[in-house]
Amino acid sequence: MTELPQSLAQIRDDFLELDQSDRLVLLLEFANELPELPAQFADHPDLLERVEECQAPVFIFVEVGDDGTVHLHATAPKEAPTTRGFASILVQGLSGLSADEVLDVPDDFPQTIGLTDAVSPLRMRGMNALLSRSKRQIRAKIAA
């Protein structure tokens with residue numbers, strides 16, 4: 001099994017230390033911490049990719065710097081706190097990692113943070129889609 005980058009391991013451990021109801025509270029805290037989009041994306045929403053698997057309108061954009069550092073940007077409506085929380089977990093957990101580190105994150109990471117009993121399978125699929133689309137964008141940018 002691939003070892004998680006420290007940022008994601010810390011997030012996972014923070015969730016797993018809590019009981020089920022407190023995990024949802026932590027997810028809501030992440031939802032409230034989703035960073036605003038940088039101006040270049042706020043002015044050009046066409047640059048963002050819609051994550052169709054999410055019930056709420058979620059959009060992401062991944063930047064890979066010249067040094068290989070990943071920056072994930074996401075937007076999700078405030079009235080969709082679960083989805084917003086998932087997006088925030090990935091923005092906070094993946095940003096600053098190298099492209100290789102992100103690509104090495106296990107695809108089942110969303111299932112490892114202890115929320116599968118607390119949120120619907122449809123929402124878990126949305127989080128999986130956020131991760132897989134982020135990886136796909138990174139692969140495409142590396143190939144270009």
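Which residues does Ser88 touch, not counting residues up to four places away in sequence? Ser88 touches Phe30, Ala31, Glu33 and Leu34, where contact means heavy atoms within 4.5 Å. This is a predicted model, in which local features need pLDDT of at least 70 and side-chain atom pairs count only at pLDDT 80 or more, while totals for chains, interfaces and linings use all residues. Residues are numbered from 1 along each chain as its sequence is written, and side-chain values use heavy atoms, with hydrogens and water left out.

**Ser88 and its helix**
- Ser88 lies in helix 4; helices (H or I, at least four residues) are DSSP runs, numbered from the N terminus.
- Ser88 counts as buried because its relative accessibility is 0%, and buried means under 20% relative accessible area with a 1.4 Å probe, protein chains only.

**The buried side of helix 1**
- Helix 1 spans residues 6-16, and its Leu8, Ala9, Ile11 and Phe15 are buried.
- These residues sit on the same side of helix 1, because they cover an arc of only 160 degrees around the axis; the arc is that of the directions from the helix axis to the C-beta atoms.
- The partners of the buried residues of helix 1 are helix 2 (20-32) and helix 4 (81-94).

**Helix 1 against helix 4**
- Two packed helices are described by the angle between their axes and the distance between the axes.
- For helix 1 and helix 4, the angle is about 140 degrees and the axes are 8 Å apart; axes are lines fitted to C-alpha atoms, for helices over the stretch in contact, and angles run from 0 to 180 degrees between N-to-C directions.
- Helix 1 and helix 4 are therefore oblique to each other (under 35 degrees is roughly parallel, over 145 roughly antiparallel, 65 to 115 roughly perpendicular, and the rest oblique).
- On the helix 1 side, Ser7, Leu8, Ile11 and Phe15 meet Ile89, Gln92, Gly93 and Leu94 of helix 4.
- The residues of this contact divide into 5 nonpolar, 3 polar and no charged (Ala, Val, Leu, Ile, Met, Phe, Trp, Tyr, Cys and Pro count as nonpolar, Asp, Glu, Lys and Arg as charged, and the others, Gly among them, as polar).

**Helix 4 against helix 6**
- Helix 6 covers residues 121-143, and its axis comes within 10 Å of that of helix 4, crossing at roughly 30 degrees.
- That makes helix 4 roughly parallel to helix 6.
- Thr82, Thr83, Phe86, Ala87, Ile89, Leu90 and Leu94 of helix 4 meet Arg123, Met124, Met127, Leu130 and Leu131 of helix 6.
- By class, this contact has 9 nonpolar, 2 polar and 1 charged residues.

Key: Buried < 20%, exposed > 50% of the residue type's maximum accessible area, 1.4 Å probe, protein only. Helix = DSSP H or I, 4+ residues; strand = E, 2+ residues; numbered from the N terminus.
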